[in-house]
Amino acid sequence: MARLRRDPFVVQAIRSTAAATLSYVVALQLSSEPVPLTAPLTALLVVQVTVYSTLTTSLRRVNSVVAGVLVAIAFSVLVGLSWWSLALVILASLIVGRFVKVEEFIPEVAISAMLVLGVTQVADTAWDRVLETLIGAVVGMLFNLLLVPPVWVETAGESIDDLARRMRRLILDVADEFAGAPTVERAAARLYEARRLDDDVADVDSALRTAEDSLRFNPRVKEGLLHRIVLRTGLDTLEICAVVLRVLTRTLTDLAKERGGEELLPRPAALALQETAQHTGDAFVSFAVLVTAPGSDSAEAAETRLAGDLRTARASRDKTAGLLLALALREPGHWQLHGALLAEIDRVLDELAPEHRGRRLMEELDRHTRERRERRRRLVPRYGRRARAEA
């Protein structure tokens, strides 16, 4: 039951149903239409899973209906309804929709225009359609303002944690392959598994976008910008690591081709690599815990744990490097692949380092500050800036 309450689809279905029903009841009292279905339709489109998306959708929806009604009124004055006038109405509505920037509601401009133009009493129908749209939009906005949607940060955090654990399993599986004599087909299967991480990253990105929107204009959240940046930079880091893991599996496949069914690494080097992969995988999980930590105390504990995992992983990596160097001296033909293996591990450890994360956070905060300052500068009239400069 608790899982259903955290499911965005379930929450959205219940909220949309309630808002649409309420808007229909209100429209029955205020509209002259016997069946004012435009109001619940608008509420269904307007009530989104976050306050931010609700507000933006409401504005685009109302603009699209008003634009369509105005186009229909203009054509009703000039021409009647025929096949060629209908074509002109649709074309004009789509063009107007593009100019008023209603985005996904561009077809709604043409739909509103056709519905209004196709009736006898154009003015009355136009007014009813605008009224019902406003009712649905207002009910939808009030519904989300009075009953604020959940903050989906926890759901996005769970997605990030799941992604980190899948990456941990993959690097452990790849290290196990280096300890054996896998066929090229088996090594290539690990490469395909690493490529599937792209789909996992896309799913997490979708959950994170919902979480970011839920933090905007939400009275429950005081530091929404910081939360958004922490989650976003965390996902960016894991995405880079996913790319590096894909390169690592490519190295595994190339080495399997070179070996031709023989053991990829001697046992001491393979065991050292497995130990390095174990600590690196633990660092993935610790990083996800750090990114999704709900408070400063939890974040400090997670950062301490991550730093310990990274220190242990680097120590294991140095041990692996010494063994691979000795192997390269005996088998110089494979030193490039062994060097690539170490470089890929180094890149992952560098990306997960707390100091690297701190720099990325500061860069993102500075960028958002500059963008906000630039937006404010564009909003201030030129004469206002000149007056302050003269003062």
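Analyst: The answer below starts with the cavity and then turns to its surroundings and the chain.

This is a predicted model, in which local features need pLDDT of at least 70 and side-chain atom pairs count only at pLDDT 80 or more, while totals for chains, interfaces and linings use all residues. Residues are numbered from 1 along each chain as its sequence is written, and side-chain values use heavy atoms, with hydrogens and water left out.

A search of the whole structure finds two cavities of 30 Å³ or more. A cavity here is a set of points, on a 1 Å grid over the protein atoms alone, where a 1.4 Å probe fits but cannot get out; lining residues have an atom within 4 Å of a point. Grid points are joined across faces, edges and corners, and a volume is the space filled by probe spheres set on the points. The largest cavity has a volume of about 60 Å³. Its lining consists of Ile171, Val174, Ala175, Phe178, Leu248, Leu273, Thr276, Ala277, Leu341 and Ile345. Two or more of these residues come from each of α8 (153-178), α12 (267-291) and α14 (335-352). The largest share, four residues, belongs to α8. Helices (H or I, at least four residues) and strands (E, at least two) are DSSP runs, numbered from the N terminus.

Two of the lining residues, Thr276 and Ile345, are also touched by Arg317, as are Leu342 and Asp346, not counting residues up to four places away in sequence. Contact means heavy atoms within 4.5 Å. Arg317 is found in helix α13 (residues 296-330) and is buried, with a relative accessible area of 18%. Buried means under 20% relative accessible area, exposed over 50%, and partly exposed in between (1.4 Å probe, protein chains only). The side chains of Arg317 and Asp318 are joined by a polar contact of 3.3 Å. Such a contact is a pair of N or O atoms within 3.5 Å; within protein, one must be able to donate a hydrogen and the other to accept it, and residues adjacent in sequence count only if both atoms are side-chain atoms.

Helix α8 also holds Asp162, which is partly exposed at a relative accessible area of 39%.

As for the protein chain, its secondary structure comes to 16 helices and zero strands. Buried residues make up 45% of its 391 residues.

Key
1 Å grid on protein atoms, 1.4 Å probe; cavity = no way out; pocket = protein on both sides within 12 Å on 5 of 7 lines; lining within 4 Å.
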